[in-house]
Amino acid sequence: MNFLENIYEAGVIGEGGAGFPTHIKYAASPRYLLINGAECEPLLHTDKYQMELFYKEMLEAIQEAKNFLKAERAVLATKKKYQDLIVLFEKEIREKNYDIELFSMDNFYPAGDEQITIYEAFERAVPAGGIPLQVDIVVSNIATMKSIYDAQKGISVTEKYITVTGEVKEPKVIKVPIGITIGECIKAVGGSTLDEYMVLTGGPMMGRFLTQEEAEIAVVRKTSGGIILIPRNHTLVERGTKSLQAIKNETRAACIQCNFCTQYCPRYLIGHPLHPHKIMRAFGVNDVYDERFAEAALCCECGICELFACPMNISPRIVNSFLKKELRKNGIKVEFETGPALPERENRYVPIDRLLSRLDIRKYYDRGKPSFMEVTTDKVTIPLGQHIGKPATACVKVGDLVSKGQVIGEIEMKDMGARVHASITGRVTHVDDAVTIESERREEA
């Protein structure tokens with residue numbers, strides 16, 4: 001099998017975002033390959049830890065990917081504060097004579113966002129509503145490169161590295177089987193310091209909230225990266241769990257059209273015609289969501305508008321997320337003109353230090369770098385659809401014995417989707433839109 005077929009066989013997807021199937025992405029012929037090693041969200045250490053551990057394997061995979069794609073340049077973007085890593089990268093590139101460039105960014109938010117990283121590294125703006133390939137660039141997360149390296153060795157995607165932090169007794173980066181519950185991950189690090197808490201899956205800016213009860217059954221996916229525990233009365237919980245009607249009422253009563261949300265919007269600053277303050281004005285007085293709201297489709301949901309810029313504690317990100325679903329449901333799609341980047345964009349970077357204080361999460365950051373541990377389990381529930389596109393089709397049935405790494409969800413190579421593999425050895429006990437596997441140890445118990 002060739003490079004691309006190995007990626008397909010192993011079920012590799014993008015590990016830094018929504019999970020675009022990598023064998024589909026790499027079927028293109030880009031001029032440039034950009035590897036994103038900047039880890040956008042504050043508090044997360046997952047990519048940094050993996051880079052420290054696997055930088056040699058990652059660089060080898062980057063060079064192989066560049067060769068396969070016949071790209072003119074391969075650029076690994078990271079942050080200037082990762083000086084220890086940059087030294088390791090430079091040494092390995094020099095010793096192996098790799099044709100890989102390093103690019104480092106300041107420590108701001110959202111450094112690590114795909115389109116912002118593209119603009120920083122190449123001074124090119126992806127067209128509004130478009131994809132990186134439209135500017136001749138393919139982007140992969142740095143953790144994806146480790147999976148690509150493994151794929152060339154016949155090793156499938158069955159495990160994830162995850163940062164577990166916040167109100168936990170021992171913040172850690174953990175390696176877990178895909179399909180383990182969030183609740184088990186929390187128990188593995190000693191549990192919470194609180195009796196009652198909420199769980200953020202992802203980072204503090206873009207993560208999704210789970211209750212304690214939901215976390216007990218929610219599972220780790222190929223795209224998982226962070227588990228953050230915070231108090232139930234924390235401002236992030238208050239802001240992130242508001243009902244849409246409450247936000248509409250607040251918008252009508254409190255939005256002062258200061259346009260700070262627009263002035264700090266990273267998409268607006270690279271020339272996209274996205275104006276959150278105008279969307280909020282229209283949202284406050286309308287209940288029909290038509291072409292007037294089309295700009296919402298351009299939102300990357302980074303959260304700067306509501307968690308940093310807005311002085312009135314209103315939530316444009318949540319509104320835009322809702323409107324994007326309404327636009328898709330109503331079949332509304334508008335083409336946009338992309339203008340030049342604004343000259344003031346470099347003065348509108350959001351410093352991580354200020355963001356940590358604004359979000360009231362500095363105390364978690366100040367606990368320092370988490371230690372590492374590997375976590376095992378005797379039961380996993382593995383979703384067949386954990387990526388953009390078509391879910392895999394189960395190719396096992398209840399009662400089957402499966403081995404770790406065995407295919408349990410199949411999809412054709414031409415389809416937008418990814419294969420799914422068993423993350424532990426055991427017996428299949430349930431199959432629907434996910435496959436549950438229990439080890440023999442659990443059966444004996």
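Is Glu213 buried or exposed? Glu213 is exposed, with a relative accessible area of 52%; exposed here means over 50%, buried under 20%, and partly exposed in between, with a 1.4 Å probe and protein chains only. The structure is a predicted model, in which local features need pLDDT of at least 70, side-chain atom pairs count only at pLDDT 80 or more, and totals for chains, interfaces and linings use all residues. Residues are numbered from 1 along each chain as its sequence is written, and side-chain values use heavy atoms, with hydrogens and water left out.

Glu213 lies in helix H8, residues 212–217. Helices (H or I, at least four residues) and strands (E, at least two) are DSSP runs numbered from the N terminus.

The next element is strand E5, which spans residues 137–141. Because 5 of its 5 residues are buried, E5 is largely enclosed by the rest of the structure. Both of its faces are covered: Ile137, Val139 and Asn141 are buried on one side, and Val138 and Ser140 on the other. E5 pairs in the parallel sense with strand E1 (residues 32–36) over 5 bridges, where pairing requires that DSSP find at least two bridges between two strands. Within this pair, Leu33 stands opposite Val138 of E5.

A further set of strands forms an open sheet: 3 strands in the order E14-E16-E17, with antiparallel pairing. Strand E14 (393–394) and strand E17 (420–421) are the edge strands, each pairing on one side only. E14 joins strand E16 (residues 407–410) in the antiparallel sense through 2 bridges, and Thr393 has Glu410 in E16 as its bridge partner.
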